[in-house]
Amino acid sequence: MTSTTNIARKAGNKSVRVGEDGSVWIEGYRCGACGAVMPVQTIACRSCAGRVAPEAYRSPETGTLYTWSVVHRSYPGVAVPFVSAIVDLDGGLSFKGTLKGVPFEALQAGMPVRLVFDDAGGAVDGDGHPYVGFHFVAGDAS
Amino acid sequence: MSDAYIVGAGMIPFGRYPDRTYFQLAADATLMALDDCGLSIKDVGVVYASSTFNAASMLGQKMLQQIGQTGVPVINVSNACASGATAVREAFVAIKSGLYDVVLAVGAEKNPRGMLAGSPVDGPPPEGLFGSVSMPALFAEAGMVHANAYGTTIEQFAQVAVKNHHHATMNPKAAYRKETPLEEVLASEMIAYPLTKLMCSANVDGAAALILVSEKKARELGLSRAVRLLGSALASDPFEPRNPDMLDPNSVTRLAVAQAYEMAGMGPEDMDLVELHDCFAVAEILHYENLGLCADGEGGAFIDSGATALGGRIPVNVSGGLLSKGHPIGATGVANMVEIIDQLRGEAGARQVDGAKIGMTHVLGFGTGSAAGVHIFEKA
């Protein structure tokens, strides 16, 4: 059986990847035939139905804000208010995530944002492995 | 192919039914629809039963156990908020196939309480960590796309709630029948900007049923109160790069309505009234444009013009809509058809749209994917 002597981190979201060396990145999939991008590995292309499975690529962590809502009522135990944002990452992936550190009145469609990995609010799985999550902050590349 | 006619329509008043089961509610609505056309459950050849949350528990069979186990085929349908329209669409197909002369489509739901969310995911609970999974947030984000592109204001979104709450005061079966002036809508609890609590649909129980028949059967029964189903379309989410991280209310609706208009040989200018899926106030503005009732970007000005209020050019959601009549999810798609049928028959009382001859219904379902149903009806 597997030994769990270390506390390997675990992806807290479908698009987060954790390497054996502990590095983390965002993975997307691109269809070689039509160029469509999708957030999960599919059997054929979602867009053109081409039978060659879309290929994994490492996504840039920079992008722009597409839309958002300032959430004031959430589920029990979740701190409000927070910004629920849809971000278009460079390279074609789009994600929902929490946008932090921007005053609500300063939010603007198209503003540059950056994905930052985090500890998913300290969440761990049933075996004690900590999750890797992400959120967004304002800012350009680098 | 035979045309499909609706001859019986029934809907129970929407609200909370703590002492009744969802299948008793379905039975209540079914008996109302049967009595409406003088038929018996023994005349029904096939049953399509819709419940978003209880289809897997054999809603249709449980209902027949209440009112008569005739042994006919039952198809239990779940398709998010489009479940009811899906059941009617299948009933339509059954008539069109020529296999059946009398078909029942029934939808019933006892909604879970509280704010509804999308489907569960692997990993830590995403709410707050990865934005919000709540339905209000999801539609708020879609509304903000419109606001950012066209300058639509929170006041314009809120006017949808003012209008539909006003309409509901004339509908004795609506869950909420109270005027809500603009200031009250804007001052109610902020849920997810720009949606306040009074801009979110009424989370209630309910049931509705329709009896569809072939042309031959309709003539036998007499056409005086019959309504012809001219167009029936159901669509699923086409590929969109942001979907499903951002479910898209627009593309799936546009796909369905284009098919319904084509089938009916009509366009938006032919509609006398529309019942559309106002699950949240922003959605009604988006769907004005999706259904072609106004041009893209003009939804805000369209609500301001009064065109969609009772007495306006194209009244929308005169029943009170999901916002105030209520949104018992699996029943919603059938219930909005009951409203159109009441209107085309001239039996809608204080909220009657004068001279209504043609009406359209629309529903939109979101889960891990999307579904939209559009139906067009004409007075026979």
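In which helix of chain B is the place of Val257(B)? Val257(B) lies in helix α8 of chain B, where helices (H or I, at least four residues) and strands (E, at least two) are DSSP runs numbered from the N terminus. The model is a predicted one, in which local features need pLDDT of at least 70 and side-chain atom pairs count only at pLDDT 80 or more, whereas totals for chains, interfaces and linings use all residues. Residues are numbered from 1 along each chain as its sequence is written, and chains are lettered from A and ligands numbered from 1 in the order in which they are written.

Val257(B) counts as buried because it has 26 C-beta neighbours inside 10 Å; a residue is buried if 20 or more other C-beta atoms lie within 10 Å of its own, exposed if 12 or fewer, and partly exposed in between, with C-beta atoms placed from the backbone. When its neighbours within four places in sequence are left aside, Val257(B) is in contact with Asn290(B), Leu291(B), Gly292(B), His362(B) and Val374(B), two residues being in contact if their C-beta atoms, placed from the backbone, lie within 7 Å. Met135(B), by comparison, is 122 residues away from Val257(B) in sequence and 23 Å away in space, C-alpha to C-alpha.

Two packed helices are described by the angle between their axes and the distance between the axes. Helix α8 (residues 249–264) of chain B packs with α9(B) at an angle of about 40°, and their axes are 9 Å apart; such axes are lines fitted to C-alpha atoms, for helices over the stretch in contact, and angles run from 0 to 180 degrees between N-to-C directions. The two helices, α8(B) and α9(B), are therefore oblique to each other, since angles under 35 degrees count as roughly parallel, over 145 as roughly antiparallel, 65 to 115 as roughly perpendicular and the rest as oblique. On the side of α8(B), Pro249(B), Asn250(B), Thr253(B), Arg254(B) and Val257(B) meet Ala283(B), Leu286(B), His287(B) and Asn290(B) of α9(B). The residues of this contact divide into four nonpolar, four polar and one charged, where Ala, Val, Leu, Ile, Met, Phe, Trp, Tyr, Cys and Pro count as nonpolar, Asp, Glu, Lys and Arg as charged, and the others, Gly among them, as polar. Helix α9 (residues 281–290) of chain B is largely enclosed by the rest of the structure, because ten of its ten residues are buried. Just after α9(B), Gly292(B) takes a positive phi of about 80°.

Chain B as a whole is divided into domain 1 (4–113 + 204–229) and domain 2 (135–203 + 232–379), with bounds that come from an automatic or database domain assignment. Between these domains of chain B, 39 residues of domain 1 are in contact with 37 residues of domain 2. The side of domain 1 of chain B that touches domain 2 of chain B receives the most from α3(B), which gives eight residues, and by class this side has 22 nonpolar, eleven polar and six charged residues.

Chain A has zero helices and ten strands, and buried residues make up 33% of its 142 residues. In the contact between the chains, 34 residues of chain A meet 26 residues of chain B. Strands β6 (62–71), β7 (82–89), β8 (94–100) and β10 (131–138) of chain A each supply at least two residues of the side that touches chain B.
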